[in-house]
Amino acid sequence: MKTLKTLLTAFLMVITIGTFADELNTSNKLSIDYALKSYLDAVSEGKIKGFADVLDGDVKFTVTRGEKIVNYSKSEMLSSLKSSEGVKQNCTTEYAIVEQNSTQTIVRVTQKYEEFTRINFVTFNNTSKGWKITNVSSSFS
């Protein structure tokens with residue numbers, strides 16, 4: 001009987017620790033840090049696994065090229081990134097938080113290539129499902 005109690009106690013401890021670890025992992029995936037890292041990994045490193053999870057359903061991608069403005073939907077952007085999955089961009093990537101509060105964060109992501117610079121303003125909103133990217137506006141100089 002004592003062995004059964006010991007095994008039951010050990011089993012309950014394993015389940016409790018596993019549940020706690022899952023809660024921490026889920027909590028991390030809801031954070032602004034996770035959402036920002038997912039964006040940086042996707043656009044700079046070609047690591048798109050999990051990227052769709054940090055995109056809001058109505059996310060809008062806007063690219064300004066001279067006088068032309070092109071808009072992309074979530075599915076169009078994911079399709080584009082999927083075609084370059086695993087491709088590391090030949091640039092240096094830096095970011096700076098432009099504005100941050102409890103409901104919204106705006107981050108400037110600069111990708112410096114040899115011939116040009118791409119500047120992305122990424123808007124994150126704190127939703128009921130965690131921090132999500134709601135808007136990305138890109139321009140080239």
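Contact means heavy atoms within 4.5 Å. This is a predicted model, where local features need pLDDT of at least 70, side-chain atom pairs count only at pLDDT 80 or more, and totals for chains, interfaces and linings use all residues. Residues are numbered from 1 along each chain as its sequence is written, and side-chain values use heavy atoms, with hydrogens and water left out.

View 1. Helices (H or I, at least four residues) and strands (E, at least two) are DSSP runs, numbered from the N terminus. Their order from that end is α-α-β-β-α-β-β-β-β. Of contacts between residues at least 6 apart in sequence, 40% join residues at least 24 apart. The chain has 141 residues, and 30% of them are buried. Buried means under 20% relative accessible area, exposed over 50%, partly exposed in between (1.4 Å probe, protein chains only).

**View 2. The largest nonpolar core holds 23 residues.** Such a core is a set of buried Ala, Val, Leu, Ile, Met, Phe, Trp, Tyr and Cys residues joined through side-chain atoms within 4.5 Å. Tyr-39, Phe-51, Val-122, Phe-124 and Ile-133 have the most contacts inside this core. At least two residues each come from α2, β1, α3, β4 (104–112), β5 and β6. α2 gives the most, with 8 residues.

**View 3. The largest pocket has a volume of about 420 Å³.** On a 1 Å grid over the protein atoms alone, a pocket is an open set of points where a 1.4 Å probe fits, with protein on both sides within 12 Å along at least five of seven lines; lining residues have an atom within 4 Å of a point. The volume is the space filled by probe spheres set on the points, which are joined across faces, edges and corners. The lining counts 25 residues. Val-43, Met-77, Ser-80, Leu-81 and Arg-118 lie nearest the pocket centre. α2 (32–45), β1 (55–65), α3 (74–83), β5 (117–127) and β6 (130–140) each supply at least two lining residues. α3 gives the most, with 5.

**View 4. Lys-47 sits in the loop between α2 and β1.** Leaving aside neighbours within four places in sequence, Lys-47 is in contact with Ser-38, Asp-41 and Ala-42. Lys-47 and Val-87 are 40 residues apart in sequence. Their C-alpha atoms are 8.1 Å apart.
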